[in-house]
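Dear colleague,

My notes on it follow, with the conventions given where they are needed.

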Amino acid sequence: MKALYRIILAGLMIWPLLLAAEAKAPAESGIREDVQTLKQQVLELNRDLFLLEEELLFPSNTQVSVFLSMNVGEFFKLDSVKLKIDGKEVADYLYTERELDALVRGGVQRIHIGNLRTGDHELVAFFIGKGPHGRDYKRGTTMTIKKGLGPKYVELKIVDQTKNYQPEFEVKEW
Amino acid sequence: MPKLALQFLSFWIWLAVSVNGFAVSVKPHEVRDLQYGEVLFHFYQDDYFTAITHLLVARKQNHLPHHRQEAELLLGGLQLSYGMLDQAEARFNRLLDKDTDRKLRNRIWFYLTKISYQRGRHEQAFNTLQKIEKPKDKKVRAELALLNANIHMEMGENAEAAEILRKAPAPAGWEEFLRINRGIALLRAGDIKKGRAILDKLGKKRSGDEELRALRDRANLGLGYELLRNGEAVQARKYLNRVRLQGPFMQAALLGAGWADTEHGDYEQALTPWLALLKLSSHDAPVQEAHLAVPYAFNKIGDSKRSNYFYKQALEFFDKEQQYLGEAIQAAHSGALVSLLSQRSIDANSSGGWLNEHPTLENVPSGRYLVDILSGHQFQESLKDYRDLGYLKHLLQTWLENIGLYYDMVEARRLAYEQRAPLVRKRLGENEIAALQKSWQHYNTLIQDDSRNNDPLNLATGKEKQQWKTLQQTQEKLAALPEQPRFIKMQDKARWLQGVLYWQIQSDYKVRLWDAEKQVKELGNMIGEAARNHQQVATALVDVKAGFDGFDTRIETLRTRILSLLPRIDIGRANASGHLQELALKELETRQQRLASYRTQARYALARSYDQVARQNRNESEEAQ
């Protein structure tokens with residue numbers, strides 16, 4: 001019966017052993033290389049298509065992009081951001097946990113890309129979120145942006161005000 | 001085996017922690033180019049394909065002037081995460097050729113070490129790692145120590161690995177990973193006592209965190225099997241008992257606990273965990289083996305009736321399993337595996353990647369075997385390639401559908417151009433700007449002359465000029481009248497009034513001259529701007545037309561590129577799915593062979609048991625006679 005025990009134990013051992021072997025076994029190198037090459041080529045093609053689409057849909061003379069970034073303490077949790085340009089709502093964005101994490105870690109989200117004629121335009125933005133003790137926060141900002149000939153970039157930054165440690169908008173034109 | 005099982009554990013533990021460290025190490029202090037921040041936004045969400053695309057676009061548009069070097073490093077890291085090891089390695093090596101700063105070089109060496117390690121080039125990984133300067137950040141130091149220790153363990157230098165981990169700093173969140181790896185290294189180095197002590201301490205640690213609880217289970221399971229192998233069954237049972245009954249290692253722990261009991265002859269006790277395993281509706285290896293172990297234990301305690309019963313049950317179980325496995329093999333052959341893998345492959349929010357949730361098993365014969373296989377690392381890697389290619393195909397098909405729209409957009413603009421261009425050309429032909437420039441030149445000359453002549457009357461207002469003229473005419477009329485005191489007095493008054501008017505104009509002259517010069521200058525600027533616009537419109541009239549043709553050519557080139565890549569992606573996918581099928585069949589056939597062996601064992605044991613009973617009956621009847 002000891003023999004049976006050994007066989008069974010050996011069988012049991014195979015189970016993790018197989019997994020261990022799998023972890024290190026090299027995959028078909030040819031397939032891997034092909035996949036890598038294809039990825040590289042599709043990425044380059046995707047870049048060129050992306051550029052073409054941007055040039056067609058948002059020519060640089062009329063292009064306006066609004067970005068959102070955050071620099072707030074751990075007591076504020078963003079729920080959504082609403083954006084209006086010249087009275088027309090162009091973005092109303094609800095954030096997932098993943099997106100929030102990306103923003104907190106330094107990521108910058110392009111919340112809107114569109115077209116505007118040269119001249120002055122009114123930009124209104126609101127953000128809604130939760131502060132300490134689950135208290136609702138809603139803040140807004142209004143500003144006039146001047147659209148010139150080249151593409152226009154506007155950054156909406158949610159930052160903690162040093163005087164009251166409450167989040168507010170800071171707007172920067174690039 | 002435990003050695004290899006532990007190796008498996010340490011590999012996964014390192015992989016699990018290395019992703020975090022990598023993310024931390026690329027975060028810039030300050031985002032100075034918005035587009036760089038946009039790349040990070042996608043990178044931090046593990047959406048590597050989108051992040052790489054944005055980075056390539058931003059680089060092409062020269063939008064990363066402040067993060068040029070970091071962007072190159074990030075691109076290498078993204079390629080690494082997206083499974084483009086060759087491209088990542090080449091990029092990092094290229095970056096080293098350049099005049100990179102010390103900090104950046106260290107990060108490059110780190111990535112190159114990681115690539116060499118992943119490719120199994122351990123010597124090279126070790127040599128590259130030596131070039132990295134000791135970082136100040138404790139987390140990065142811990143990450144490096146873990147990588148270094150894993151390289152040493154792969155090269156069989158377990159004692160060195162344990163020493164590296166002993167010296168490593170243990171910042172929050174890293175302590176347990178470092179400790180379990182050190183315990184493993186010590187066990188592998190033969191320092192059983194120390195290795196056990198470390199794993200024992202880790203195995204007792206309470207935690208509310210699921211990841212740490214799973215780590216604790218792993219430590220206890222690993223240690224339990226190590227002790228079982230060394231014949232220390234009582235100690236082994238202690239550690240196996242610590243494994244949670246709700247955790248992923250429960251089955252292996254129950255099986256091991258039974259064997260630990262049998263080691264000191266307590267077969268009745270062994271039946272408790274083994275019978276618990278039989279009650280599970282699982283088909284994993286521990287449950288399969290428990291089907292053999294239970295009758296074996298009954299046999300050992302002399303209950304041949306129950307032993308035979310469970311051997312028969314085991315045979316039925318193995319027969320059914322063989323049948324399922326046969327169906328699974330057929331399903332793999334018929335391509336059902338690939339359809340299973342295709343589920344959830346096209347997700348609008350994901351660019352392919354790992355399969356985070358098991359696919360649903362509806363309408364897939366014996367799907368559970370396939371799901372078991374899917375959880376293997378090598379399957380996951382190949383599956384990732386397959387899913388990535390699926391996403392790329394979907395993406396290119398979407399672009400191909402849009403290509404027609406781009407043609408229409410360009411055509412619509414061409415039409416609009418052709419409608420407006422004649423009017424614009426006509427206006428340009430009228431050369432209004434030349435007339436404006438001439439007129440401005442005239443006023444500019446006037447002002448300059450005036451500035452030289454200092455004649456205030458030139459800057460009199462219309463009303464003042466009218467008044468001046470009236471006074472002049474009045475004086476002329478008065479001069480023609482007879483010299484009477486009344487007229488002389490009127491002449492004096494008119495002269496006086498003219499003097500007052502002149503004085504008023506003259507006293508304002510400097511301001512008027514300054515204002516006039518300013519206005520002429522501003523007008524000059526405006527006319528200059530208008531002239532430039534005029535020129536731009538004239539140039540645009542030619543360029544825009546050429547631009548339409550340029551767009552047509554670009555769109556057609558891109559369409560051709562899409563069409564040439566799509567069949568290659570299909571071939572790539574077919575190869576990847578073929579490879580997956582091959583791996584699945586290999587695994588299924590191994591399981592089939594194992595089951596066949598179990599079945600033979602069960603039949604042999606059952607036959608022997610029947611034989612024993614028959615012999616016993618014969619002996620009893622002989623004795624009775």
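A crossing of two helices is called left-handed if the near helix is turned anticlockwise from the far one by less than a right angle, and right-handed if clockwise. In that sense, α16(B) passes α17(B) in a left-handed crossing, where helices (H or I, at least four residues) and strands (E, at least two) are DSSP runs, numbered from the N terminus.

Please bear in mind that this is a predicted model, in which local features need pLDDT of at least 70 and side-chain atom pairs count only at pLDDT 80 or more, whereas totals for chains, interfaces and linings use all residues. Residues are numbered from 1 along each chain as its sequence is written, while chains are lettered from A and ligands numbered from 1 in the order in which they are written.

To stay with chain B, helix α16 (residues 285–300) and helix α17 (residues 304–334) pack at an angle of about 165°, their axes being 7 Å apart; axes are lines fitted to C-alpha atoms, for helices over the stretch in contact, and angles run from 0 to 180 degrees between N-to-C directions. That makes α16(B) roughly antiparallel to α17(B) (under 35 degrees counts as roughly parallel, over 145 as roughly antiparallel, 65 to 115 as roughly perpendicular and the rest as oblique). Among the residues that meet are L292(B) and F298(B) of α16(B), and F310(B) and F317(B) of α17(B), contact requiring C-beta atoms, placed from the backbone, within 7 Å.

In chain A, 4 strands form an open sheet in the order β3-β2-β5-β6, with antiparallel pairing (two strands pair if DSSP finds at least two bridges between them). Strands β3 (88–94) and β6 (136–147) of chain A stand at the edges with a single partner strand each, so one side of each is left without a neighbour in the sheet. Neighbouring strands of this sheet are turned by 15° against each other on average, direction ignored. Strand β5 (residues 119–130) of chain A is joined to the antiparallel β6(A) by 12 bridges, and F127(A) stands opposite R139(A) in β6(A).

With kind regards

Note on methods. Contact = placed C-beta atoms within 7 Å.
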